[in-house]
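User: Hi! I'm new to reading protein structures, and I'd like to go through this one with you step by step.

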Amino acid sequence: MASISKREFAKKDMNFFSEFAASSQAMARIMGYMIIIGIVVVGLMVTLCVIQFIRWGVIKAEVKKYDDLFATEEYAGLQGEADELAKKSAHTNEYGYVVSEMKSTVDRETGVSFDIISELEKHIPSNTIITYYEIDKGHVVIGGTSHSYYAMTEIVNMLQENKYFTNVNFEQERWDASEAYEVEVLARTYINGEYLFTITASLDTEYLVSVTAITVDNNILQVKESEMVEAGKIYETKELTNINVAGNNYVLSAVNINGATLNEEDFANVMASDTLKVEVYDDLKIQLTYTLTTSGEGE
């Protein structure tokens with residue numbers, strides 16, 4: 001059997017202790033790194049906590065400052081002034097709406113309807129009576145009676161020569177009082193022969209188009225300048241689905257034309273194209289209703 005000398009035992013012991021010492025040093029370095037990292041993490045957390053406490057203190061101080069401000073008599077007076085200004089604003093808004101309506105009425109009354117009546121009054125023969133007239137979608141119908149067969153020729157010539165009418169036509173028939181009932185005879189003149197006539201013509205003129213933007217609670221947002229548009233033309237307005245007034249954003253929620261609200265399909269087309277198109281055959285009063293979506297800081 002081979003024998004191991006004391007020298008060999010001593011050498012192995014030395015190798016073991018050397019490896020153990022190296023391993024211990026490596027563990028010590030790792031533990032040192034971990035301790036340093038832990039200290040850094042704790043330091044960061046403490047720093048963040050301090051920053052948060054500082055922010056909380058600043059916010060608390062700001063809140064207290066505003067609480068103190070709101071509790072002062074000066075602020076109470078400012079709040080009262082704000083309420084009074086709100087009432088004045090509502091009154092001014094209502095006044096602005098009334099003024100815009102009056103302006104549209106004046107423009108409309110000085111437009112085609114008034115001019116047509118004025119033209120008829122100037123050129124009606126003395127032996128002719130106008131009993132009614134009607135304007136509908138670019139056409140006018142005038143009815144009446146006359147004692148002269150040639151009175152219609154005079155009226156038609158007058159209508160064709162002015163700037164308001166084209167394609168003037170008329171129909172007339174003789175009415176004999178001897179064939180009527182007694183009540184009708186009394187209602188007519190003593191002359192036995194009368195002519196009943198109807199004149200039809202196309203209008204070649206302009207109509208008033210007014211556009212107003214309001215909120216759902218009837219506050220005025222915008223009043224566009226009224227326009228005179230030729231009969232039969234297309235009135236078009238764009239960029240109306242979203243508007244910004246005084247820092248507030250509004251979205252279109254309804255369209256009303258001469259008292260009639262657009263149906264869902266037509267309104268969807270307006271929203272999709274961001275354009276409203278209307279064929280003009282009469283004075284148009286367009287009302288755009290908006291809903292508030294985003295309030296600006298100035299509110």
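User: In which sense do β5 and strand β13 pair, and over how many bridges?

Analyst: First, a word on the source: this is a predicted model, where local features need pLDDT of at least 70, side-chain atom pairs count only at pLDDT 80 or more, and totals for chains, interfaces and linings use all residues. Residues are numbered from 1 along each chain as its sequence is written, and side-chain values use heavy atoms, with hydrogens and water left out. Strands here are DSSP runs of E with at least two residues, helices are runs of H or I with at least four, and both are numbered from the N terminus; two strands pair if DSSP finds at least two bridges between them. In β13 (residues 284–294), T289 stands opposite I214. As for the pairing of β5 and β13, it's parallel, over seven bridges.

User: Which residue of β7 is the bridge partner of V209?

Analyst: β7 covers residues 227–230 and runs antiparallel to β5, with four bridges joining them. Look across from V209 into β7, and the partner you'll find is E227.

User: How many residues lie between β5 and β6 in their hairpin?

Analyst: β6 (residues 220–223) pairs with β5 in the antiparallel sense, over three bridges. One spot to look at is T212, which has V223 of β6 opposite. In the turn, N218 has a positive phi of about 65 degrees. The number of residues between the two strands is four.

User: Is T215 buried or exposed?

Analyst: T215 sits in strand β5. Counting contacts as heavy atoms within 4.5 Å, and leaving out residues up to four places away in sequence, T215 touches L221, Y250, T289 and Y290. Its relative accessibility is 8%, so T215 counts as buried.

User: What does a side-chain oxygen of N263 reach at the start of helix α6?

Analyst: Helix α6 takes in residues 264–273. Just after α6, D274 takes a positive phi of about 55 degrees. Back at the start, the N263 oxygen comes to within 3.3 Å of the backbone nitrogen of E265.

Conventions
Buried means under 20% relative accessible area, exposed over 50%, partly exposed in between (1.4 Å probe, protein chains only). A polar contact is a pair of N or O atoms within 3.5 Å; within protein, one must be able to donate a hydrogen and the other to accept it, and residues adjacent in sequence count only if both atoms are side-chain atoms.
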